[in-house]
Amino acid sequence: MSHVSPANAQFFWFFDQKKEAKKPRPVRRRQSHLPKIAPPAEESLAPPPPDDRPYDEKLMRLAEILGAVHYLRELCGADEGQLWRDQMGEILRNEGTTGVRRAKLVNKFNDGYRGYRRTYRTCTESATRATRRFSTEGAELASSLSHASVFASGPQAQVQTPQTGSEGAQPGAPNAARN
């Protein structure tokens with residue numbers, strides 16, 4: 001065999017070429033006699049006002065409990081359909097005033113649902129106890145949230161115990177007095 005010079009491959013010549021320097025283009029400046037438009041300082045990059053409420057911690061916990069109960073009750077054959085999801089929908093209608101707030105509530109519901117879906121695949125005694133515990137805690141939270149909303153809305157009528165005697169009050173008819 002004799003020595004043969006290497007053949008020029010199709011693309012090797014490309015790498016041996018020198019690149020031409022690009023000439024910078026002249027920058028054209030538009031001349032405008034109009035002033036620049038800038039947003040007012042108070043509107044620029046200002047975050048939206050917070051949509052937090054003083055009772056949000058309780059409300060978020062209630063949403064999480066509803067998600068857990070929704071999963072556990074169905075798992076244990078309660079045959080309630082979408083009852084707990086509908087309850088969460090009611091909370092969303094009343095409390096989901098912004099997209100961020102709705103997303104927080106939905107995420108908490110889903111966290112409760114998914115957390116117990118990962119833990120329980122069949123209805124066990126532990127799942128039944130958890131359902132009872134959540135039902136009790138959820139009822140307490142709902143009650144405290146409803147009482148807080150009554151007091152937050154202003155003076156309300158308070159029901160006094162019926163009085164009997166010379167004052168002319170009838171038994172069984174509550175007397176209402178304003179604060």
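Q: Which residues in α2 and α3 meet?
A: This is a predicted model. From α2, the residues are L59, L62, A63, L66, V69, H70 and R73. They meet W84, R85, Q87, M88, I91 and E95 in α3.

Q: How many nonpolar, polar and charged residues are in the contact of α2 with α3?
A: The contact has 8 nonpolar, 2 polar and 3 charged residues.

Q: At what angle do the axes of α2 and α3 cross?
A: Roughly 160 degrees, and the axes come within 8 Å. Angles over 145 degrees count as roughly antiparallel, so α2 and α3 are roughly antiparallel to each other.

Q: Is the crossing of α2 and α3 left-handed or right-handed?
A: α2 passes α3 in a left-handed crossing.

Q: Now α3 and α4. What about their axes?
A: α3 covers residues 83–95 and α4 covers residues 99–119. Their axes come within 10 Å and cross at roughly 160 degrees. That makes α3 roughly antiparallel to α4.

Q: And is that crossing of α3 and α4 left-handed or right-handed?
A: α3 and α4 cross in a right-handed way.

Q: Which residues of α3 and α4 meet there?
A: On the α3 side, W84, R85, M88, I91, L92 and E95. On the α4 side, R101, R102, L105, V106 and F109. By class, that contact has 7 nonpolar, no polar and 4 charged residues.

Q: What is E95 in contact with, leaving aside neighbours within four places in sequence?
A: R53, Y55, L59, R101 and L105. L59 belongs to the α2 side of the contact with α3. R101 and L105 belong to the α4 side of the contact with α3.

Q: Switching topic. How many aromatic pairs does the structure hold?
A: The structure holds 3 aromatic pairs. One of them is Y71 with Y113.

Q: Why is the pair of Y71 and Y113 edge-to-face?
A: The ring planes are at 80 degrees, so the pair is edge-to-face. The ring centres are 5.3 Å apart.

Q: Which helices hold Y71 and Y113?
A: Y71 lies in helix α2, residues 56–75, and Y113 lies in helix α4. The pair therefore ties together parts that are 42 residues apart in sequence.

Q: What about accessibility for Y71?
A: Y71 counts as buried, at 10% relative accessibility. Y113 is at 23% and counts as partly exposed.

Q: What is the geometry of Y116 and F134?
A: Y116 and F134 form an edge-to-face pair. The distance is 5.3 Å centre to centre, with 85 degrees between the planes. Y116 is in helix α4 and F134 in helix α5, residues 125–152. The two are 18 residues apart.

Q: Is F134 buried or exposed?
A: F134 counts as buried, at 3% relative accessibility.

Q: Which residues do ring pairs link into a cluster?
A: Y116, Y120 and F134 are linked into a cluster by ring pairs.

Q: Last bit, the whole chain. How many helices and strands are there?
A: The chain has 5 helices and 2 strands. From the N terminus, the elements run α-α-α-α-α-β-β.

Q: What share of the chain counts as buried?
A: Of the 179 residues, 17% count as buried.

Q: And of contacts between residues at least 6 apart in sequence, what share join residues at least 24 apart?
A: For those contacts, the share is 61%.

Terms used: Residues are numbered from 1 along each chain as its sequence is written. This is a predicted model: local features need pLDDT of at least 70, side-chain atom pairs count only at pLDDT 80 or more; totals for chains, interfaces and linings use all residues. Side-chain values use heavy atoms; hydrogens and water are left out. Axes are lines fitted to C-alpha atoms, for helices over the stretch in contact, and angles run from 0 to 180 degrees between N-to-C directions. Helices (H or I, at least four residues) and strands (E, at least two) are DSSP runs, numbered from the N terminus. Angles under 35 degrees count as roughly parallel, over 145 as roughly antiparallel, 65 to 115 as roughly perpendicular and the rest as oblique. A crossing is left-handed if the near helix is turned anticlockwise from the far one by less than a right angle, and right-handed if clockwise. Contact means heavy atoms within 4.5 Å. Ala, Val, Leu, Ile, Met, Phe, Trp, Tyr, Cys and Pro count as nonpolar, Asp, Glu, Lys and Arg as charged, and the others, Gly among them, as polar. Rings of Phe, Tyr and Trp (its six-membered ring) pair if their centres lie within 6.5 Å; planes under 30 degrees apart count as stacked, over 60 as edge-to-face and the rest as tilted. Buried means under 20% relative accessible area, exposed over 50%, partly exposed in between (1.4 Å probe, protein chains only).
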